[in-house]
Amino acid sequence: MSAEIIDGKAAAARLRARVGEIAAAFEAVAGRKAGLAVVLVGADPASSVYVKSKGKATVAANMASFEHRLPADTTEADLLALVDALNADPAVDGILVQLPLPKHIRESVVLTRIDPDKDVDGFHPVNAGRLATGLNGFVPCTPLGCLMLLEEQLGDLSGLDAVVIGRSNIVGKPMAALLTKASATVTVAHSRTKDLSSHVARADIVVAAVGIPHFVKGEWIKPGATVIDVGINRTEDGLTGDVDFDGAASVAGAITPVPGGVGPMTIACLLRNTIVAAHRNAGVQLGKDAI
Ligand SMILES: Nc1nc(=O)c2c([nH]1)NC[C@@H]1CN(c3ccc(C(=O)N[C@@H](CCC(=O)O)C(=O)O)cc3)C=[N+]21
């Protein structure tokens, strides 16, 4: 093994500490804590664990956490009514509705109901449009965390060849937009891509977000490349990413592990987006490069 292992857990801890400092300063100026509301419909065990850890991280970063756990048979109308109430609540700066939602509820209807200026997940089409056109908005937490890890690792990304594998609204598309903004040369690959290995072989940066364990093979990776593994796959061998880690780690320059890579950065970026939302919503100035 030759690759440097990118410590996402440590990077996330640094970011959470920074958010905590800014949140304490916000409270002193605004006279209230920044607040994050997390809504969970149903009792999926994995989702339950995420929601609990988000709540703990929120409180540890000097912010208020509002948890709403609704039964699995909650109607779409009732969920929309809760979103409306949270939109109107001045103590709530950020709203996250945990996905996936039960099948009888239309995700796009719910996500579009969230006030874009409280949409700390960055899933509202208004925020997707802001990212696409270079306006200030909220960027989805997972790709934002990936970009932070890449810039910490590589510094300036301009001119580098990046391949994003996956084209979801939550990871692939916003990741491509962020890398483009950072002046990388970006290829978006997906399940229909011909000769995927040849694209990966040219890449200085590989971001894997396909949701298939060990999908990206070590032999595909260019020696010295930086590999970001977004996959969270629960298998019989435990949690594994989308990259054949052992194979890739023998050729890559640096690689994120699963667990301990991108996942912890996702939650830290959620807190980051929430403190940014609080400043905007309260009209309190936040330095341009504060966070
Ligand atoms: N509205 C919404 N926003 C989300 O951001 C969102 C969501 N819904 N639904 C579910 C996915 C998944 N997700 C993760 C966050 C952190 C870890 C994480 O910290 N993982 C740890 C391991 C945790 C474990 O052992 O399960 C790690 O990779 O080291 C993983 C996954 C956020 N999601």
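Analyst: Happy to! A crossover is called right-handed if, with the strands pointing away from the viewer, the path from the first strand over the helix to the second runs clockwise. Keep in mind that this model is predicted.

User: Which elements make a right-handed β-α-β unit here?

Analyst: Look at E5, then helix H7 (residues 172-181), then E6: together they form that right-handed unit.

User: How many bridges join E5 to its parallel partners, E6 and E7?

Analyst: Two strands count as paired if DSSP finds at least two bridges between them. E5 and strand E6 (residues 185-189) run parallel and are joined by 5 bridges. With strand E7 (residues 205-208), also parallel, E5 has 4 bridges.

User: Is E5 enclosed or open?

Analyst: A residue is buried if 20 or more other C-beta atoms lie within 10 Å of its own. In strand E5 (residues 161-165), 4 of the 5 residues are buried, so the strand is largely enclosed by the rest of the structure.

User: Now the ligand. What surrounds it?

Analyst: The ligand has 16 residues around it, and Gln98, Leu99, Pro259, Gly263 and Thr266 are the closest. By class, 11 are nonpolar, 4 polar and 1 charged. Helix H10 gives the most to this shell, with 4 residues.

User: Where does the ligand lie relative to the domains?

Analyst: Domain 1 (29-115) and domain 2 (141-263) both contribute residues to the shell, so the ligand lies between them.

Note on methods
Residues are numbered from 1 along each chain as its sequence is written. This is a predicted model: local features need pLDDT of at least 70, side-chain atom pairs count only at pLDDT 80 or more; totals for chains, interfaces and linings use all residues. A residue is near a molecule or strand if its C-beta atom, placed from the backbone, lies within 6 Å of it. Helices (H or I, at least four residues) and strands (E, at least two) are DSSP runs, numbered from the N terminus. Ala, Val, Leu, Ile, Met, Phe, Trp, Tyr, Cys and Pro count as nonpolar, Asp, Glu, Lys and Arg as charged, and the others, Gly among them, as polar. Domain bounds come from an automatic or database domain assignment. A residue is buried if 20 or more other C-beta atoms lie within 10 Å of its own, exposed if 12 or fewer, and partly exposed in between; C-beta atoms are placed from the backbone.
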